Amino acid sequence: MDIAPTASAAPPQPPPRGSANRPGDRVFLGLSKGSGITLLVIMAAIAVFLTWRAVIALAENEGNFFTTFEWNANANPPVFGIAVLAFGTVVSSIIAMVLAVPVAVGIALFISHYAPRRLATPLAYVVDLLAAVPSIVYGLWGALFLVPHLTGLYQWFDDYLGWTGVLSYEGGAARSLFTVGILLAIMILPIVTNVSREVFKQSPKMQEEAALALGATRWEVIKMAVLPFGRSGVISASMLGLGRALGETMAVATVLSPSPEINLSLLDPGGGTFAQNIAAGFKEAGDLGRDALIASGLVLFVITLLVNGAARMIIARRKEYSGANA
């Protein structure tokens, strides 16, 4: 007697992605979506407010907003432009990133893969403390200690690299964009270090042990396993640091000697940044002057969005940056 084979039960299918069957899952899903939507609404509201007030100021401006060096929004007629501010913001931030990111990555690698535990723990704690120091404290330290002690370095630059024009020095107080870049580098160093350190600590231990078993040196392990895995984290950490460098106010206002001119030499006093100009001029500005400052804030807002968008594009274009192949 033949017995017909019974059909085997089909394996249970996982619920579709994004579905929430349990009450806790539905609550969490709703909170997550609500948080994301709220963030987008806040960003849109900020953009609308800045654009509205900027249009009011630009309608009264007698100068070219993008090429005029002068900032005199309280004059009659008002004349103001962001050429000097944009130059100073970008240049000081680039100097800060060039100085801070390599040092921060080196410190993060030392803490996560080289230093013994009894040294790595207190060193990481000290770096964390640096991130908690207020901006005004950095500014006071920069004005009272950093500026007087940079004269010798500036003179050395002038002796050996002054022929480039970019690093020529004519004397005076070291209240220049290069000093601002050094101060910003010190300020963003703990941010980039902390994020990079945590990413490096998450690198696959099996790959590191396999490379060591095959005879690789410690540096070869870091180059082949740790750095490729943590590259996206380093980019994200750098963007966080760049965001603080672009928007830093009090420290820059304390150290920099602002002036409405763009100097070829980075060591000459003068220049300005968006955040420093807003902090210095907001109290004395009239209604139109405040709208003009808000217009410059809109430009800084757009620059920040473009920088973060470019970072996301860099990570998305290279799959190996995401750590998926690690």
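**Exercise 1.** Which helix gives the largest share of the lining of the largest cavity, and how many residues does that share hold?

*Solution.* The structure is a predicted model, and the cavity search on it returns one cavity of 30 Å³ or more. The volume of the largest cavity is about 70 Å³. Its lining is made up of 13 residues, and those nearest the centre are Phe-87, Leu-177, Asn-263, Gly-270 and Gly-271. Sorted by class, the lining of the largest cavity holds five nonpolar, six polar and two charged residues. When the lining is assigned to elements, the largest share falls to helix 2, which gives three residues.

**Exercise 2.** Describe the largest pocket by its volume, by the residues closest to its centre and by the elements that line it.

*Solution.* Next, take the residues around it: 15 residues line the largest pocket, and Ile-111, Ser-112, Arg-117, Ala-120 and Lys-201 are the closest to its centre. The elements that give two or more residues to this lining are helix 2, helix 3 (117-131), helix 6 and helix 7 (205-213). Finally, the classes: the lining of the largest pocket contains six nonpolar, six charged and three polar residues.

**Exercise 3.** Identify the residues with the most contacts inside the largest nonpolar core, and follow one of them, Leu-184, to its partners.

*Solution.* The largest nonpolar core comprises 60 residues, and the most contacts inside it belong to Tyr-154, Phe-178, Leu-183, Leu-184, Phe-200 and Leu-267. Two or more residues of this core come from each of several elements, among them helix 1, helix 2 (83-114), helix 6 (177-201) and helix 8 (218-247). For Leu-184, once neighbours within four places in sequence are set aside, the contacts are Ser-92, Ala-96, Ala-245, Glu-248 and Val-252.

**Exercise 4.** Compare the span of helix 1 with its expected value, and name buried residues within this helix.

*Solution.* Helix 1 covers residues 23-60, which makes 38 residues, and from its first C-alpha to its last it reaches 56 Å, close to the 56 Å expected at 1.5 Å a residue. Along helix 1, the residues Leu-50, Ala-54 and Ala-57 are buried.

**Exercise 5.** Is Leu-167 buried or exposed, and which residues does Leu-167 touch?

*Solution.* Locate the residue first: Leu-167 sits in the loop between helix 5 and helix 6. Because its relative accessibility is 15%, and buried means under 20%, Leu-167 counts as buried. Not counting residues up to four places away in sequence, Leu-167 touches Phe-157, Asp-158, Leu-161, Gly-162, Ser-265 and Leu-267. As for distance, Leu-167 and Leu-264 are 97 residues apart along the chain, while their C-alpha atoms are separated by 8.6 Å.

**Exercise 6.** Where does Gly-230 lie, and what is its relative accessible area?

*Solution.* Gly-230 belongs to helix 8, and its relative accessible area is 0%, so Gly-230 is buried. Beyond neighbours within four places in sequence, Gly-230 is in contact with Val-199 and Phe-200. The C-alpha atoms of Gly-230 and Ala-253 are 35 Å apart in space, although 23 residues separate the two in sequence.

**Exercise 7.** Which two residues does a cis peptide bond join?

*Solution.* Most peptide bonds are trans. The cis bond here joins Asn-76 and Pro-77, with omega about 5 degrees, and Pro-77 lies in the loop between strand 1 (71-72) and strand 2 (79-80).

Definitions and conventions:
Residues numbered from 1 in each chain as written. Predicted model: local features only at pLDDT ≥ 70, side-chain atom pairs only at ≥ 80, totals over all residues. Heavy atoms only, no water. Helix = DSSP H or I, 4+ residues; strand = E, 2+ residues; numbered from the N terminus. Expected span 1.5 Å × (residues − 1). Buried < 20%, exposed > 50% of the residue type's maximum accessible area, 1.4 Å probe, protein only. Core = buried A, V, L, I, M, F, W, Y, C linked by side-chain atoms within 4.5 Å. Contact = heavy atoms within 4.5 Å. 1 Å grid on protein atoms, 1.4 Å probe; cavity = no way out; pocket = protein on both sides within 12 Å on 5 of 7 lines; lining within 4 Å. Points joined across faces, edges and corners; volume = space filled by probe spheres on them. Nonpolar A, V, L, I, M, F, W, Y, C, P; charged D, E, K, R; others polar.
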